[in-house]
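Please load the model in a viewer and keep the selection panel at hand. The stops below proceed from charged pairs to nonpolar cores.

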Amino acid sequence: MTTTTAIPAGKKRAPAATPKRHPKREREGAAWVFLSPWVLGASVLTLLPMAVSLYLSFTDYNLFDPPHWVGLRNYTQMFTEDPRYWRSVLTTVTYVVIAVPLQLALALLVALALKSMKRGKAFYRSAFYAPSLLGASMSIALVWRAVFNDGGTVDNLFGTGGWVNRPGWALLAVALLTVWQFGAPMVIFLAGLQQIPAELYEAAAVDGAGRWRQFVSVTVPMLSPVLFFNLVLQTIQAFQVFTPAFAVSAGKGGPADSTLVYTMYLYDRGFVASHMGYASAMAWVLLLVIGVVTAVLFRTSRSWVFYASEGDR
Amino acid sequence: MPGHRTKGFCASAVALVLCALAAGCGDSGESVGGGKAVLRYTWWGNPDRAERTEQAVALFEKQHPDISVQTSFSGYDAYKQKLAVQASGGDAPDVMQLDYRQIDQYASGGVLLDLAKQRAVLRTSEIDSGLLATGRVDGVQYAIPQGRGTETVVYDVKAWKDSGVPLPRAGWTWDDWAEAVRALRDRTGKPGATDPGQSEDAFEVWLRGRGKALYTKSGGLGFTADDLAEWWTFTDTLRRAGVVSPAEQTTQLDGSVENTPLGRGKAVSDTNWDAPSSGYLAIVPTGIALAPMPSDSDGTPGQYFKPSMFLGVSAHTGHAKEAAQLVDFLLNDQEAAKILGATRGIPVNETVRKETAPLLKDFDRTVADYQASLEGKLKDPPQAPPSGDNALQTTFQRDYDQVSYARMSPREAAENYVTEAKAELRS
């Protein structure tokens with residue numbers, strides 16, 4: 001912008017000389033230099049391991065001896081001979097169906113409450129967001145286990161005998177740990193809510209819409225892209241749940257396999273039973289399933305997600 | 001100005017590089033250069049064992065100022081998993097405590113160092129040759145047994161005596177045991193024992209009493225679904241009657257004494273290995289005692305003396321000699337033996353055993369006396385379990401979980417286990 005005025009008179013010719021030095025190639029080179037950390041990271045830490053894992057999924061590999069090619073055997077064994085595999089699938093789906101809607105509902109509810117707050121908003125926003133930062137840590141998960149164990153807080157309050165040792169309840173304890181970390185979707189909801197123009201509410205109010213009507217006819221449609229974003233993100237995360245299930249069941253997926261979610265069974269096959277090939281095959285099936293679920297979500301989104309720009313078309 | 005900025009930039013870049021170099025040198029200087037060799041030594045156990053091990057290691061460091069030892073420990077389940085991950089990544093600790101069940105897999109996987117090559121600093125001449133051989137795979141000495149242990153019925157002495165139920169005696173049978181724990185429940189109101197159905201070790205004792213074994217000589221499964229179904233029916237019946245601890249308690253077992261019903265004050269007795277039972281002392285204030293495992297009804301004992309645990313050295317260690325020195329110290333040093341006592345079982349070094357025997361006190365004395373009472377009465381130990389066994393121990397607990405939560409009949413769970421075990425042992 002101000003280059004011409006800033007360059008001293010004597011150097012005026014310099015810009016004319018540069019085109020000869022292949023500026024495009026030079027810029028490209030610079031781009032690669034700046035990209036190199038990412039390219040290195042992505043290839044060494046992501047693509048290479050993925051390729052290795054894909055290869056291993058067709059082998060029998062016990063971590064110690066060299067991998068031994070078995071073709072599709074891991075996959076056929078998984079689908080036809082392993083009842084515990086299907087149990088882990090069912091457990092994971094149950095978990096996703098419980099945890100994701102609960103978490104999003106709570107996040108939206110708190111975001112709505114925060115939006116209408118006049119004072120102390122920043123404090124509460126941070127307070128509710130904190131679990132999202134802390135929750136992934138092992139220590140919180142262990143505290144969770146203690147709270148829901150027999151003799152723990154929940155046991156003392158409700159006399160339930162502790163949830164983590166009851167097959168029907170343990171998964172709920174795991175799901176609640178995820179639900180409790182609703183801070184991240186909440187912050188996104190809050191941002192989305194603040195984007196909705198006040199005129200829309202005013203217009204709705206003039207038309208005689210009550211608070212509920214405003215919520216259904218203004219807030220929900222205007223918020224639907226954000227809702228969709230959160231739904232996709234949380235679903236993908238929920239399918240990969242590991243830490244809470246691991247910690248709450250003390251690494252065993254118990255009681256009676258009730259918290260043996262997919263990734264925990266994968267971990268068990270790979271690192272406890274030393275069947276890395278089988279574990280890799282499981283990982284690839286999970287990747288495919290998450291891909292399909294996400295695609296389905298995107299497909300259904302056409303009928304319920306409303307983008308403001310659509311009005312212009 | 002731009003010139004200044006460049007200089008500043010260069011200066012800070014140079015400083016950064018120097019810092020990195022200095023830091024790097026600092027690290028490597030410690031481990032490779034003339035300075036200290038840093039060894040990582042890991043084990044599983046309870047806080048009592050940890051305290052004594054730390055003391056012994058401190059003494060070792062004092063004797064070898066050029067070696068520094070970093071220690072870490074955890075409960076058995078967690079240890080087993082962590083070590084498997086480390087070993088597979090080529091990052092096994094320099095010196096590691098190993099279980100009978102891990103040796104075959106780790107040795108054949110190239111994780112362990114051939115210790116015979118460290119003979120100059122690691123003496124094995126005073127270890128019973130039969131016992132020493134348990135650490136060999138294909139004729140190579142990959143690990144050295146550290147102590148001798150055996151299964152035991154460990155009980156809360158005061159609670160048992162106060163109940164008026166006759167104390168356990170040598171040669172008692174599984175039926176006597178069942179009767180005793182039933183009477184204990186009736187008179188104390190607490191389950192008489194931890195449900196032994198989840199324990200592969202207890203099952204093995206029961207099985208051996210009937211002349212069978214967990215594994216055949218060729219590494220196949222040594223029992224049938226019928227045998228396991230019978231064992232689980234036996235424990236399931238007791239559990240349903242409230243005689244042994246409920247499912248909610250058994251599912252919390254993870255190899256640490258703190259999480260056992262006896263340790264939580266929710267049962268009168270438990271089945272465990274003798275040495276780690278020292279951990280109960282701190283949490284059962286009224287005191288504990290050891291009794292032999294029940295025999296079969298015809299009097300055949302199922303329990304046996306097992307090398308309680310081993311020490312192995314990583315094949316990838318940069319300090320093979322120093323690591324072997326530490327192993328030698330832990331096994332053969334007189335002072336170390338005094339500190340360690342019987343926390344890992346009765347010492348394997350004959351001289352050390354003889355000289356420290358009179359010095360043993362408290363619980364170490366109890367373990368030594370207990371083992372002495374069984375001397376000559378037990379059958380030979382089984383050979384080291386095949387590699388697949390490592391995972392089967394967990395499978396055993398999981399399948400029994402299905403029984404204790406009444407989700408499967410003992411027969412269904414037993415058939416499940418046998419199918420899984422056969423697949424595991426084949427691969």
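Begin by selecting B:Asp328, which is buried at a relative accessible area of 10%; buried denotes under 20% relative accessible area, exposed over 50%, and partly exposed in between, with a 1.4 Å probe and protein chains only. The model is predicted: local features need pLDDT of at least 70, side-chain atom pairs count only at pLDDT 80 or more, and totals for chains, interfaces and linings use all residues. Residues are numbered from 1 along each chain as its sequence is written, chains are lettered from A and ligands numbered from 1 in the order in which they are written, and side-chain values use heavy atoms, with hydrogens and water left out.

Helices here are DSSP runs of H or I with at least four residues, numbered from the N terminus. B:Arg123 is partly exposed, at 44% relative accessibility.

Next, select B:Asp99 and B:Arg101. Their side chains form a salt bridge of 3.9 Å, N to O, and both residues are buried.

Proceed to B:Asp176 and B:Arg169, where the N to O distance of the salt bridge is 3.2 Å. B:Asp176 is partly exposed at 26% relative accessibility, and B:Arg169 is likewise partly exposed at 48%. Elsewhere, salt bridges that share partners form one network, including A:Arg84, A:Asp268, B:Arg398 and B:Glu424. The total over all chains is 32 salt bridges.

Now select B:Arg49, in helix 2 (residues 47-63) of chain B.

Finally, select A:Tyr85, one of the residues that touch the most other members of the largest nonpolar core, which has 59 residues. Such a core is a set of buried Ala, Val, Leu, Ile, Met, Phe, Trp, Tyr and Cys residues joined through side-chain atoms within 4.5 Å. Helix 5 (residues 83-115) of chain A gives this core its largest share, 11 residues. Another core, of 48 residues, lies apart from it and includes B:Trp160 and B:Phe396.

Note on methods. A salt bridge is a side-chain nitrogen of Lys or Arg within 4 Å of a carboxyl oxygen of Asp or Glu. Helices (H or I, at least four residues) and strands (E, at least two) are DSSP runs, numbered from the N terminus.
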